[in-house]
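User: Hi, I have a structure open and I'd like to talk it through. Can we take it piece by piece?

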Amino acid sequence: MKLAIRDLSKVFVTGTGEKVPALEGINLTVEDEEFLCILGPSGCGKTTLLRIIAGLDTPTTGSIQVDGEALSGPSRRIAMIFQEYSLFPWRTVLENVVFGLEVQGMDREERLAAARKYLDLVGLSSFEKNLPYELSGGMRQRVAVARALATEPTALLMDEPFGALDAQTRNLMQTELQEIWRKTRKTILFVTHSVDEAVFLADRIVVLTERPGRVREIVPVKKCPHPRDRTCRDFVDIRRHVLDLISGGSSD
Amino acid sequence: MRRPLGIILPILLLIVWEIAAQSINNQFILPRLETVVPVLLAPTVDILGTGSLVHNALVSLERVGAGFLVALAIAIPLGVGMGWSQRFDAIVDTTIQLLRPIPPLAWGPLAIAWFSVGINSMVFIIFLGAFFPILLNTIDGVKSIKKTWVEVAQTLGASERQVLSKVVLPGASPTIWTGLRVGFGIAWMCVIAAEWLPGTTSGLGYLTLYAYNFGQMHYIIAGMITIGIIGIAFDFLFRSVEDRWFCWRGLER
Amino acid sequence: MKGMRLLLLGCLAVLLVAAACTTTQQVTGDVGILYTKGTGPMPTLLATKQIDGYIAWQPFVEVAPVAHIGKVITYSGELPPAGRWQNHPCCVLAARTDLMGSNPALVDAMGAATILATRYVNDHPSEGAEIVADWLAGKGNFTYGNVTVSSVEVLDRAFPTVKFVNEPSEAWMNGQVEFIYALRELKALTGSLSNTTDTQSKALLFDTGPYTRAMAMIGAGKITAPPAERDPVGVGYLLSDHDASLFVAVKKWQYFNDTYGIALKPHDMTATRPDVVDLLVNGVKVAELKLIPADAGPQLMQLAATNTIQFAYVGNPPTIAAIDKGTPVKILMALNDEGSGVVVVTDSPATDWDSFVRWAKERSAAGKPIKMAAPGKGSIQDVMLRYALEESGLSVKEVQA
C-alpha cells in the first residue's frame, strides 16, 4: 500500500479557545511494503500523525491519499496497534484475535480458522482460551499484533507498542516483529521515541522536530542488511546521526 | 458465605437479645426469642389470616422482580445513551438529578392516583427505587470504558452499533452489574414500604404492618428477620455471579 | 490543626446529643392529642408509656385490657356532654354520586346486601363475632407477653359495645348534624358545609333513596338485578368490627344467595380476607368488587376522591369532611352506632370519665399534661374525644413533635 501525505498540519483548539499547533507542513510518501519509523522527542506530534492516518483524528489542512484515494475515517486496509490496554479483557485470547473478522461479518467457522492461523504466527496457540489478565505484557502485545493481522490489512500502524515492556522482552518483540514483517510483507508505520529501536527496525526513519512537529530529516537505513546487527559499523553511524538530530543540534 | 467469621456477631446478638428481652419483660419493646423463633421455624403456617411467611415472601419477591425488570429495561439503555453521548447527557442529566433525591415512598400518593391501588402502584415505587442505582452505574460504567478499546474496535472496522454492543456494553458490564446488585437491594427495601400503602392484602411488608395493628410484635420481628435473610441471599447471589463472570475486572492493570 | 478539628467535631456531637435528649414532644394544652394514622401503633405506645391513653374503635379497645396494658374507662356512647353521643352514628355506607347516577340499581343492591347482613349480625351475634375474628385475624391467637388469647374471644368482648343499625332515621341524621357542629367548632369545615343550615347540610350529605328502595325490595322478597357493571367496582373498608356487615355478607355468601338471591361471592374461597368478590343477584354476576382495606377513614376518603373506590364502609366525620371539600359522595345509610372506647394506662387513677378528668387536671397543673392518641385527625374518635375534653373544661392541643 502506498501512502501519500501532502502538506498535513494539525492544530488543536483547547476548551478555552487556545490554539495549539501539533503538526506543521508534513510531506511524506510511504512506499509499498516499507517499514517506516516515525521518531521524535515527546510531544512532537508523532502519535497525532499516526492517529490521523488511522482515521481517528482529522487533519486541519493537507491531505492523505491511500493508493491514490483520499482517506476518510478508519479504513479496513489499515490496522492499528496501541501501546497498552488494547486487548478486550472480557474476551479470551482467541476471541480477541477474531474480533475484527467478527465485526466484518465473516462466517464463524472461517473466522475461527483464520484467527487460529494468526495466533499461531505469533506463537501463542496454546493460550487461545486464556483471558488477557493471565498473560504477560509481551504476550498481550503479540495477541494485539495477531488481532491486527487477522483482518489482513495492507498497512499496520504501531504506536510505541513495546514502550511498556521491559528491555529484554522489548528486544525479543523487535526481533519477532521483524520476522512477522518479513513473512507478511505489510507496510508498517512505527512510532517510537527510542533511537535504537528505530534504527534496528526501519527501512527509513522520519525524524520530527519538537512541537509543532515538522519533518526534520528522513534518514534511510537501507545500508544495514537484515537481520540487523547492532554492533555493525553502519548501524552505529546512523544511530549517532539520528541521535544528533534528536538531541537538538541546530536545525540545518 | 464469604466470611465464616461473620456469623459470630449475629449469634452474639441473639444471646444479647434474649437476655435483654428477659430483663425488660415488655413484649412491646422487645419480644422474647422464644416467641419469635417458632414463627420462623414454621414458615408455612398462616399468620393472622394474612398467609404464611413463605407465601408472603413469594408475593413480595414477585413484585420486586417486576419493578426491577422494568427499571433494568429502561435504565440500562438510558444509561448507555447518557454515558456515550455528551449531548444527550447534557439534556437529560439535570432532570435525573432533580428526581433522584426524592425517596420512592414519597411518590406513594401520586402512584396510587396514577396507577391505581394494587400491584401497579407498587411496581412503580419499586421501579423508582431500583432505577437510579442502575442508571448511575451504567453511566459510570460506560464513561469509564478505556478509549483505546473503542479505538481498536473502530480501526478494525466496527460500526457505531457494533462498538456499543461488542465493546461498550461488555466493558461496562461489571459496573452495571454492581448497579443491579445495589438496585435490587433498594428495590427490596421499597417493596416492604410500598406494601404499607393501601391496596394490598399480602406481602412481607403488609404482614409486618398488619401484625403491628394488633400489637403482635413477635410476628413483626419474624417478618423483619425474613426480610433480612432474603436480602442477604440475593446479595450473595449477585456477588457470586460477579466473582465468576467479572473476575477480569479487578485484575486488569 | 487536626486536633482542633477533632475538638470541634466532638463539641458538635455533644450538642446534637444534648439537643436530641432535651427535645421531647411539647404538650401545650391541658391534654395533648397524638394522631397515629390508624389504631396500629396504639397498643405499643401505651405499653411503652409514650401515651397515657387512647381512643379507638373496636376491637382495639378490648385489646388493652386483654393484653394487660390498659383499662377501658368509658365507651363512646357515654362521653359527655351527657346524652349527646348516645347512639351516636359511627360508620356509614357511602357511595360516589357518579355511580349512583350511572347505575342506581347497583347501589340499591349493595344497600340491600348490607341491610340483610346487618340483620344477620344482630340475630347471630356470636357467629358474627367469629366471622369478624376470622376476617381480621384468621381466628388466630394474639400473644401479649405471657398472655395468649384467641381473637374470637377479643371480638366476643367487643361486639356488645357496637350497635349495628342501618336506618337513616331522622334522629340519626340529626346525630350526624351534631358532628357537623362539632367539626365546625374545631374549625375543620371550610368548604361547602362551613355555614349551611341543617336542611342544606342534610341535602348535601344524604341520599336515602337507595335505603328506601333496598328495604322495599327486601320487603317484596325480590332483589332487582341491576345492569352489569363492566369495570371492577372498588369497595373500601376499615379493619374494624364496625364493618361486620360487609364481612358477614362475604363469608356467608351462600346463605344470602340461597335465601335472598343476592350474594358477595369471593373469587378465592380459601382466603381469610378475600379481596375480590362477585356481586351476584339471582345467580347472575352483575359486578366484580375489589375490597380494599385502609388504616383509617381519611385514607379511605382519599381513595374515594381519586375514584379508586366507589363504595366506602367508613366513619362519618371523614365522610363529612370529604363532602365539605367537594368529594362527590353521598351517605346512604348507617352501619353502626357507638362502638368506640377510651383506654388509659393500667396504673392511672382514672376509672371513669369524671375521675379521668380529675386526673388530667392534676397532671396538667403539675406541668405533666397527659397525652392521648387518636386514630386520625378528623376521625370520629378524634372529634368525640376533643369535644368531650373541651366540654369538661380541658383545653386540647395537638402534640408538637
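**Where chain B meets its neighbours**

Analyst: Let's start with a contact: 23 residues of chain B touch 29 residues of chain C. Two residues are in contact if their C-beta atoms, placed from the backbone, lie within 7 Å.

User: Which elements of chain B give two or more residues to the side that touches chain C?

Analyst: They are α5 (108–115) and α9 (204–213) of chain B. α9(B) gives the most, with 3 residues. Helices (H or I, at least four residues) and strands (E, at least two) are DSSP runs, numbered from the N terminus.

User: How do the residues on that side of chain B divide?

Analyst: Into 11 nonpolar, 11 polar and 1 charged. Ala, Val, Leu, Ile, Met, Phe, Trp, Tyr, Cys and Pro count as nonpolar, Asp, Glu, Lys and Arg as charged, and the others, Gly among them, as polar.

User: Before we go on, where do the model and the numbering come from?

Analyst: This is a predicted model: local features need pLDDT of at least 70, side-chain atom pairs count only at pLDDT 80 or more, and totals for chains, interfaces and linings use all residues. Residues are numbered from 1 along each chain as its sequence is written, while chains are lettered from A and ligands numbered from 1 in the order in which they are written.

User: OK. How many residues does the contact of chain B with chain A take from each?

Analyst: It takes 17 residues from chain B and 19 residues from chain A. On the chain B side, α7 (147–155), α8 (160–194) and α11 (247–251) each give two or more residues. The largest share, 6 residues, comes from α7(B). That side divides into 8 nonpolar, 5 polar and 4 charged residues.

User: What is chain B built from?

Analyst: Chain B has 11 helices and 0 strands. Of its 253 residues, 43% are buried. Buried means that 20 or more other C-beta atoms lie within 10 Å of the residue's own, with C-beta atoms placed from the backbone.

User: And chain A? How many helices and strands?

Analyst: Chain A has 8 helices and 10 strands. Its radius of gyration is 18 Å, close to the 18 Å that the globule rule gives for 252 residues, so chain A is as compact as a globular protein of that length. The radius is taken over C-alpha atoms, and the rule is 2.2 Å times the number of residues to the power 0.38. Buried residues make up 44% of chain A.

User: Switching to chain C. What is the strand order in its open sheet of 6 strands?

Analyst: The order is β3-β15-β2-β16-β1-β17, with mixed pairing. Two strands pair if DSSP finds at least two bridges between them. β3 (70–75) and β17 (396–398) of chain C stand at the edges with a single partner strand each, so one side of each has no neighbour in the sheet.

User: How many bridges join β2 and β15 of chain C?

Analyst: 5 bridges, and the two strands run antiparallel. C:Ile55 stands opposite C:Val342 in β15(C).

User: Last one. At what angle do helices α5 and α11 of chain C pack?

Analyst: At about 95°, with their axes 8 Å apart. Axes are lines fitted to C-alpha atoms, for helices over the stretch in contact, and angles run from 0 to 180 degrees between N-to-C directions. That makes α5(C) roughly perpendicular to α11(C), a term for angles of 65 to 115 degrees. The residues of this contact divide into 7 nonpolar, 3 polar and no charged.

Terms used. Buried ≥ 20, exposed ≤ 12 C-beta atoms within 10 Å, placed from the backbone. Parallel < 35°, antiparallel > 145°, perpendicular 65-115°, else oblique.
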